[in-house]
Amino acid sequence: MFATTAVCGPALLSPDLAAVLRLLLLAPLLEEWVVRAGLHAWLLPRASGTVAVLASAAAFSALHLGSGAPAAALVFGPGLALGLAYQRWRDWRLCALLHSACNAWALSMCA
């Protein structure tokens, strides 16, 4: 079974309406605004695209440390994918939509 307490925290294992709204709307919008529109965009004129993608993925993982180290490690891969999407299309809103889709997938696997 995919759902383990190491990977799926309480918000994913038994989500209430507030948790679902946080995971599908609030977190993707705020995290992508900070990480992609903020950090990644700031790094682009100062460093290589590779550095911007890696640093933004690391920051994205760090934002998830509150859910535990395993969860933070698991989101590094999606963080790289979101960084590459931002690198290609320079649209943090697209990244927020993709982030929301990842969270919806996690909800469906854990709940």
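How many salt bridges does the count come to by the rule used here? The count comes to two salt bridges, where a salt bridge is a side-chain nitrogen of Lys or Arg within 4 Å of a carboxyl oxygen of Asp or Glu. The model is predicted: local features need pLDDT of at least 70, side-chain atom pairs count only at pLDDT 80 or more, and totals for chains, interfaces and linings use all residues. Residues are numbered from 1 along each chain as its sequence is written, and side-chain values use heavy atoms, with hydrogens and water left out.

**Figure 1. The protein chain has six helices and zero strands.**
From the N terminus on, the elements run α-α-α-α-α-α. Helices (H or I, at least four residues) and strands (E, at least two) are DSSP runs, numbered from the N terminus. The chain is as compact as a globular protein of 111 residues, because its radius of gyration of 14 Å is close to the 13 Å that the globule rule gives for that length. This radius is taken over C-alpha atoms, and the globule rule is 2.2 Å times the number of residues to the power 0.38. Along the principal axes, the C-alpha atoms fill a box of roughly 40 × 25 × 20 Å. Of the 111 residues, 33% count as buried. Buried means under 20% relative accessible area, exposed means over 50%, and partly exposed lies in between (1.4 Å probe, protein chains only). Among the contacts with a separation of 6 or more, 63% come from residues 24 or more positions apart; a contact means heavy atoms within 4.5 Å.

Glutamate 32 counts as buried because its relative accessibility is 0%. Arginine 36 also has 0% relative accessibility and so counts as buried.

**Figure 2. Arginine 93 and aspartate 91 form a salt bridge.**
Their closest N and O atoms are 3.0 Å apart. Arginine 93 counts as exposed because its relative accessibility is 56%. Aspartate 91, with a relative accessible area of 23%, is partly exposed.

**Figure 3. Arginine 90 has a positive phi in a loop.**
Which two helices does the loop with arginine 90 lie between? The loop lies between α5 (76–89) and α6 (92–110). Phi of arginine 90 is near 50 degrees, a positive value in a residue other than glycine. Most residues other than glycine have a negative phi. Arginine 90 counts as partly exposed because its relative accessibility is 45%.

Histidine 40 counts as buried because its relative accessibility is 0%. Not counting residues up to four places away in sequence, histidine 40 touches Val35, Ala52, Val53, Ser56, Gly83, Tyr86 and Gln87.

**Figure 4. Alanine 52 lies in helix α3 (residues 49–63).**
Is alanine 52 buried or exposed? Alanine 52 counts as buried, because its relative accessibility is 0%. With residues up to four places away in sequence left out, alanine 52 touches His40, Leu43, Leu44 and Gln87. The C-alpha atoms of alanine 52 and glutamate 31 are separated by 16 Å, and the two residues are 21 residues apart along the chain.

**Figure 5. Five leucines make a nonpolar surface patch.**
The patch of about 500 Å² is made by Leu17, Leu21, Leu25, Leu26 and Leu30. Patches are made of residues with over 30% relative accessible area and no salt bridge; like charges are joined within 9 Å, and nonpolar side chains (Val, Leu, Ile, Met, Phe, Trp, Tyr) within 5 Å. Leucine 30 lies in helix α2 and counts as partly exposed because its relative accessibility is 46%.

**Figure 6. Leucine 13 and alanine 111 are 4.6 Å apart in space, C-alpha to C-alpha.**
In sequence, leucine 13 and alanine 111 are 98 residues apart. Leucine 13 lies in helix α1 (residues 10–13). Leucine 13 counts as partly exposed because its relative accessibility is 33%.

Technical notes
Areas by Shrake-Rupley, 256 points an atom, 1.4 Å probe, with all protein chains shown as cover.
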